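Please read the points below alongside the sequence and the model. They are written for a colleague who is meeting this structure for the first time.

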Amino acid sequence: YQRRVHGVLGKQRHRTKTIEKNLNPSWQETFEFQVTQGQELFIEVFDWDAVGDNDRLGECTFQLPTETKQGTTTIPLKTPAGEKHACTGNITFSYTIKLEAKEPEPKVVKDVSPPPAPIPHEYVNPPPAPIPQEAPPPKKEEPTPKKKKKKKKKKKTQLK
């Protein structure tokens, strides 16, 4: 009979060394997990077999404290679902929860200066520049026909 413990927190997983020929093993190992509030530590105890599958002897969960705290707890092991033999026993472990100081949230400072003056429309979207076109060739000026002057007839008046 050889015993091993697995600790699982989210995707993080640690396992102890295997202790042989001891029905009351003490591991004296330390593991660190990155913790967020509201998580549970899942613990499994195995009877490690050199040949064949390992037998799960028991399991338990521990709700992690949400504040900085240190302590020791003893939790009864439950028989895992689907296991043939009933589990009797407890697991005792010590824990330390350290909350890392968060950097302060950046403060949003409201700008109290007056809003900028509106930009006139013609500066925002100026009209397109005219496309230069070729000048038409100069027209040849045709001489204007001269008008014939009418001769005025002089009236002769007679005196009578």
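How do the residues of the lining of the largest pocket divide into nonpolar, polar and charged? The answer comes in point 3, after some words on the model itself.

1. Basis and confidence. This is a predicted model, in which local features need pLDDT of at least 70 and side-chain atom pairs count only at pLDDT 80 or more, while totals for chains, interfaces and linings use all residues. Residues are numbered from 1 along each chain as its sequence is written, and side-chain values use heavy atoms, with hydrogens and water left out. The mean pLDDT (the predictor's confidence in each residue, from 0 to 100) is 75 for the protein, with 66% of its residues reaching 70 or more. Confidence is highest in strand β6 (residues 69-76), at 90, and lowest in helix α1 (residues 121-124), at a mean of 57.

2. Overall build. The protein has one helix and seven strands, where helices (H or I, at least four residues) and strands (E, at least two) are DSSP runs numbered from the N terminus. Their order from the N terminus on is β-β-β-β-β-β-β-α. Of the 160 residues, 22% count as buried, a word that stands for under 20% relative accessible area, with exposed for over 50% and partly exposed in between (1.4 Å probe, protein chains only).

3. The largest pocket. Its lining divides into 23 nonpolar, 20 polar and six charged residues; here Ala, Val, Leu, Ile, Met, Phe, Trp, Tyr, Cys and Pro count as nonpolar, Asp, Glu, Lys and Arg as charged, and the others, Gly among them, as polar. The lining comprises 49 residues, of which Phe31, Leu41, Phe93, Ser94 and Tyr95 lie nearest the centre of the pocket. Two or more lining residues come from each of β1 (2-9), β4, β5 (55-63) and β7, and the largest share, eight residues, belongs to β7. A pocket is an open set of points, on a 1 Å grid over the protein atoms alone, where a 1.4 Å probe fits, with protein on both sides within 12 Å along at least five of seven lines, and lining residues have an atom within 4 Å of a point.

4. The salt bridge. A search of the whole structure finds one salt bridge, that is, a side-chain nitrogen of Lys or Arg within 4 Å of a carboxyl oxygen of Asp or Glu. It joins arginine 13 to glutamate 44, with the closest N and O atoms 3.4 Å apart. Because arginine 13 lies in strand β2 (residues 12-15) and glutamate 44 in strand β4 (residues 40-47), the pair ties together parts that are 31 residues apart in sequence. Glutamate 44 counts as buried, at 7% relative accessibility.

5. The loop between β3 and β4. Tryptophan 27 has its place in this loop and, not counting residues up to four places away in sequence, touches Arg3, Arg4, Val5, Thr16, Lys17 and Ile19, contact meaning heavy atoms within 4.5 Å. Glutamine 28, in the loop between β3 and β4 as well, is exposed, with a relative accessible area of 74%, and has a phi near 55°, a positive value in a residue other than glycine.

6. The loop between β6 and β7. Lysine 78 lies here and counts as exposed at 54% relative accessibility. Leaving aside its neighbours within four places in sequence, lysine 78 is in contact with Gly58, Glu59 and Cys87.
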